[in-house]
Amino acid sequence: MPLDPAVRAFLNERRFAVLATINGDGSPQLTVMWYLLRDDTIILNTTWTRVKGQNLQRDPRIAICVEDGYRFVSVSGAATLNDDQRIAQADIRELAIRYDGQEEGELQMAQFGRQQRVTIRLPLTHVIARGFE
């Protein structure tokens, strides 16, 4: 099912996602994240050393929620992970520029470029959107 244009526009605005992963004991782990919508996929990026990175290695099921008051979009499903550094570094650069602008984003790459990054891809297969009527 194609994404409603109003929902796509909402996701393309500069907002933050709350990412839910599953801890080893089954409890949820939540993190505020940068994201971007690329075609019909949500793109996020992290490192393996963070809790969410460790959780994703064990269990790729995730959900995100992007909200603006009572308007929100929730996406859930199984993520695919890509730790090819050429791709993961390009994705974190795109995210840094999206959120902080070209100059600041490039400055942040001094830190990100030293990290082993991983791109998280979440297809838009299970989407709930409210407040777009």
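**Core and surface**

Me: Which residues touch the most other members of the largest nonpolar core?
Reply: This is a predicted model, in which local features need pLDDT of at least 70 and side-chain atom pairs count only at pLDDT 80 or more, while totals for chains, interfaces and linings use all residues. Residues are numbered from 1 along each chain as its sequence is written, and side-chain values use heavy atoms, with hydrogens and water left out. A nonpolar core is a set of buried (under 20% relative accessible area, 1.4 Å probe, protein chains only) Ala, Val, Leu, Ile, Met, Phe, Trp, Tyr and Cys residues joined through side-chain atoms within 4.5 Å. Among the 30 residues of the largest such core, those touching the most other members are Leu 11, Tyr 35, Ile 42 and Ile 64.

Me: Which helix gives the most to this core?
Reply: Helices here are DSSP runs of H or I with at least four residues, numbered from the N terminus. With 4 residues in the core, the one that gives the most is helix H3 (residues 85–100).

Me: Is Thr 47 buried or exposed?
Reply: Thr 47 is found in strand E4 (residues 41–47), a strand being a DSSP run of E with at least two residues. Exposed would require over 50% relative accessible area. Because its relative accessible area is 6%, Thr 47 is buried.

Me: What is the relative accessible area of Val 32?
Reply: Val 32 is found in strand E2 (residues 28–33). Val 32 is exposed, with a relative accessible area of 57%.
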